[in-house]
Amino acid sequence: MERKYTDAVVGEVTLRKTSRASGISIRVRPDGSVSVNMPSRISYVSGIGVLEARRDWILAARKKFTEKRGSGLDASVSGEDVEKMRERAVEELPARLLELAREYGFRVNGVRLKHNRSNWGSCSVRGNINLNINLVRLPHELRDYVLLHELCHLRQMNHGPQFHALLESLCPGHIRLRKELKKWSIV
């Protein structure tokens, strides 16, 4: 269920109830739109209360997206561009992932390409790696960082000290690269 709410500072907000939500969360999209997602059992008034408490964060997130657009790091693409990205991704990403896997002794069960809005990649316990087609927009150094990050999850399915030690051994300076990656928008 959805309702629209107009906040005096933020403007129009979508209040969305879903059975999948475990708590109240706020999402600011690159276009500046805002949604508040909440469990079905929570009242809309509670969602509005969280929205009001997080106004400063929402405005800061909008400003960050505006700065990214001005820097050329904005990821907004048309449908035609998505198809071109998908074609490039099919050609480039699985081959590079498997090349790195061979180089560092990883065994990948499968590779899938997706057009995600929330992550650059993921790894399942079955050894399957999902990659975001938006990776083709990144500089090669950042792309390889993401690929190595996901490969490391084949051995360490967490972000603990052993995971970071493994990633650092394969990708020296990975913390700097992680910070650089945050400047890029997925959507």
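Guide: What follows takes a strand, a helix and the cysteines in turn. The model is predicted, so local features need pLDDT of at least 70 and side-chain atom pairs pLDDT 80 or more, while totals for chains, interfaces and linings use all residues. Residues are numbered from 1 along each chain as its sequence is written, and side-chain values use heavy atoms, without hydrogens or water.

Visitor: Which strands are joined to β4 by bridges?

Guide: Strands are DSSP E runs of at least two residues, and helices H or I runs of at least four, numbered from the N terminus. Two strands pair if DSSP finds at least two bridges between them. Strand β2 (residues 11-18) runs parallel to β4, with six bridges, and L15 stands opposite V36. Strand β3 (residues 25-28) is antiparallel to β4, with four bridges; here S25 stands opposite N37. In the β3-β4 hairpin, with five residues between the strands, G32 has a positive phi near 95°.

Visitor: Which residues of helix α6 are buried?

Guide: Buried means under 20% relative accessible area, exposed over 50%, partly exposed in between (1.4 Å probe, protein chains only). In α6 (residues 174-181) the buried residues are H174, L177 and L181. Down the helix axis they fall within an arc of 55°, so they line one face; the arc is that of the directions from the axis to the C-beta atoms.

Visitor: How many disulfides are there?

Guide: A disulfide is a covalent bond between the sulfur atoms of two cysteines. With the cut-off for the sulfur pair set at within 2.5 Å, the count is zero. The closest cysteine sulfur to that of C171 is in C152, at 8.4 Å, too far for a bond. C171 is buried, at 8% relative accessible area.
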